[in-house]
Amino acid sequence: MTPVPRLVVAAPASGSGKTTVATGLMAAFAARGLAVSPHKVGPDYIDPGYHALATGRVGRNLDAYLCGPELIAPLFLHGARGCDLAVVEGVMGLYDGAAGQGELASTAHVAKLLRAPVVLVVDASSQSRSVAALVHGFASWDPEMRVGGVILNKVASDRHEALLREALDASGVPVLGVLRRVPQVDTPSRHLGLVPVAERRDAAADAVAAMAAQVCAGCDLDALMTLARGAGAIPGAAWDAAEALASPARPAGKRGPVVAVAGGRAFTFSYAEHAELLAAAGAEVVTFDPLRDEELPEGTAGLVIGGGFPEVYAAELSANEPLRKAVAGLALSGAPVAAECAGLLYLCRELDGRPMCGVLDAGARMGERLTLGYRDAVAVGDSVLAAAGTRTRGHEFHRTAVEPGAGAAPAWGLTTPVRRVEGFVQQGVHASYLHTHWAAGPGAARRFVERCRTS
């Protein structure tokens with residue numbers, strides 16, 4: 001297999017400028033006519049939307065906790081098929097991974113699995129000579145990982161830049177870019193991070209263009225491309241949804257069951273591989289917008305409602321009474337419904353006092369407490385997604401609460417960080433706060449589509 005030129009953009013800590021640099025690099029190289037494959041380390045759903053805007057390709061996640069280290073390279077190769085360059089944005093600090101799990105799921109771990117050079121983005125706003133000690137420490141901490149260059153961010157002046165470059169001369173790590181301290185690019189945040197692209201497409205496009213201009217002005221793109229081309233071949237084959245399911249292609253002209261997938265501004269959290277697995281299992285995947293569409297897609301046999309921000313759009317979702325009734329009717333019929341986090345809230349009786357679908361006898365509300373972290377889970381009973389006893393790994397990320405937190409038949413028994421049950425299984429409904437990655441357990445897609453055929 002021809003090696004895919006690639007870079008991992010990392011930093012000593014969150015807030016150093018990884019997203020600006022990574023997204024700017026993606027857009028700058030795409031503007032040169034290159035096919036750029038965008039990737040994000042970890043479970044983040046929002047940054048990949050900006051990456052997709054920068055490259056015109058689907059942003060994909062590489063999460064060694066959710067998917068296992070063995071799937072990182074195959075999933076990367078799947079996303080990077082036919083590309084001239086891949087840019088991988090890291091998560092948190094370079095060596096920060098799953099709590100208590102060593103390097104697992106850290107940016108450094110993923111970089112090593114991909115045999116990719118790392119570009120370290122350093123916030124230099126409050127230092128000069130000390131930058132050399134910082135870079136030396138990060139570059140030498142793990143001898144199996146290669147820090148191939150540094151990009152200095154928030155540099156105040158020519159004099160400041162000269163001091164930083166002089167200090168780094170003896171470090172052996174070349175300076176591949178210097179970004180001046182400028183007003184922050186317009187990327188507004190709220191309670192779970194950046195506002196998704198789907199909610200501010202025109203403004204997001206302007207922000208990505210500003211990132212690209214900043215990177216083009218301050219970075220040596222030719223040197224960065226040379227570094228990327230130095231990455232060797234990755235052994236093994238690209239991930240393929242049909243091969244993962246060991247399923248034959250759907251016969252030409254034969255329509256599979258329609259699986260409606262919620263999208264639009266309120267439901268922006270999804271992994272691209274989920275739709276690919278559903279299609280490979282024989283489903284016809286159709287996206288709809290619960291904010292605008294008053295009916296489910298024609299012939300809907302199953303429904304997938306992923307994550308997002310229903311709490312921001314509670315009034316609009318509630319006002320769309322025809323669709324709420326259609327969702328409730330589908331669930332009452334016994335059709336398979338998979339709801340994850342935001343989907344769970346939508347199926348509740350109410351959200352912040354506003355009527356929702358009423359599929360679940362539970363109320364949801366916005367709260368102050370952030371629930372965040374990886375989880376190990378086991379299926380408590382049989383459902384449309386898993387047989388009882390199936391083990392999986394997931395991720396929670398929300399500032400909402402559901403009361404009660406579990407139904408008479410819970411979805412999952414969580415074992416980390418504390419033992420508890422959560423979620424709801426009733427008839428064909430599986431609703432939970434837990435985000436999972438189906439590439440790690442493709443049987444979920446197969447099981448769901450088979451239930452769509454028979455329900």
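**Exercise 1. List the residues that leucine 278 touches, leaving out those up to four places away in sequence.**

Solution. Apply the contact cut-off: heavy atoms within 4.5 Å. Skip residues up to four places away in sequence. Leucine 278 then touches Val259, Ala283, Val285, Val304, Trp438, Ala445, Phe448 and Val449.

The model is predicted: local features need pLDDT of at least 70, side-chain atom pairs count only at pLDDT 80 or more, and totals for chains, interfaces and linings use all residues. Residues are numbered from 1 along each chain as its sequence is written, and side-chain values use heavy atoms, with hydrogens and water left out.

**Exercise 2. Find how many residues the largest nonpolar core has, and which have the most contacts inside it.**

Solution. Start with the terms. A nonpolar core is a set of buried Ala, Val, Leu, Ile, Met, Phe, Trp, Tyr and Cys residues joined through side-chain atoms within 4.5 Å. Buried means under 20% relative accessible area, exposed over 50%, and partly exposed in between, with a 1.4 Å probe and protein chains only.

- The largest nonpolar core has 108 residues.
- Those with the most contacts inside it are Phe76, Leu114, Leu152, Leu224, Leu278 and Phe448.
- Helix α1 (residues 18–31) gives the most to this core, with 7 residues.
- Apart from it lies another core, of 38 residues; Ala260, Phe288, Tyr313 and Leu344 are among them.

As background, nonpolar side chains in soluble globular proteins tend to be buried together.

**Exercise 3. Classify the packing of α1 and helix α8 (residues 221–229), and name the residues that make the contact.**

Solution. Helices are DSSP runs of H or I with at least four residues, strands are E runs with at least two, and both are numbered from the N terminus. Axes are lines fitted to C-alpha atoms, for helices over the stretch in contact; angles run from 0 to 180 degrees between N-to-C directions.

1. The α1 and α8 axes are 12 Å apart, at an angle of about 95°.
2. Angles under 35 degrees count as roughly parallel, over 145 as roughly antiparallel, 65 to 115 as roughly perpendicular and the rest as oblique.
3. α1 and α8 are therefore roughly perpendicular to each other.
4. Leu25, Ala28 and Phe29 of α1 make the contact with Leu221, Leu224 and Met225 of α8.
5. By class, this contact of α1 with α8 has 6 nonpolar, no polar and no charged residues. Here Ala, Val, Leu, Ile, Met, Phe, Trp, Tyr, Cys and Pro count as nonpolar, Asp, Glu, Lys and Arg as charged, and the others, Gly among them, as polar.

**Exercise 4. Do likewise for helix α2 (residues 47–55) and helix α7 (residues 201–218).**

Solution. The two axes come within 10 Å and cross at roughly 70°. α2 and α7 are therefore roughly perpendicular to each other. Tyr50, Leu53 and Ala54 in α2 meet Arg201, Ala204, Ala205 and Val208 in α7. The contact of α2 with α7 has 6 nonpolar, no polar and 1 charged residues.

**Exercise 5. Describe the crossing of helix α5 (residues 130–140) and helix α6 (residues 158–168).**

Solution. The axes come within 8 Å and cross at roughly 45°. That makes α5 oblique to α6. Val131, Ala132 and Val135 of α5 make the contact with Leu164, Ala167 and Leu168 of α6. These residues divide into 6 nonpolar, no polar and no charged.

**Exercise 6. Check the backbone at methionine 92, lysine 154 and proline 404.**

Solution. 

- Methionine 92 is in the loop between β4 (85–89) and α4 (107–113). Phi is near 50°, a positive value in a residue other than glycine. Methionine 92 is partly exposed, at 37% relative accessible area.
- Lysine 154 lies in strand β6. Phi is near 60°, again positive in a residue other than glycine. Lysine 154 is partly exposed, at 32%.
- Proline 404 is found in the loop between β17 (391–403) and β18 (412–414). A cis peptide bond joins glutamate 403 and proline 404, with omega about 0°.
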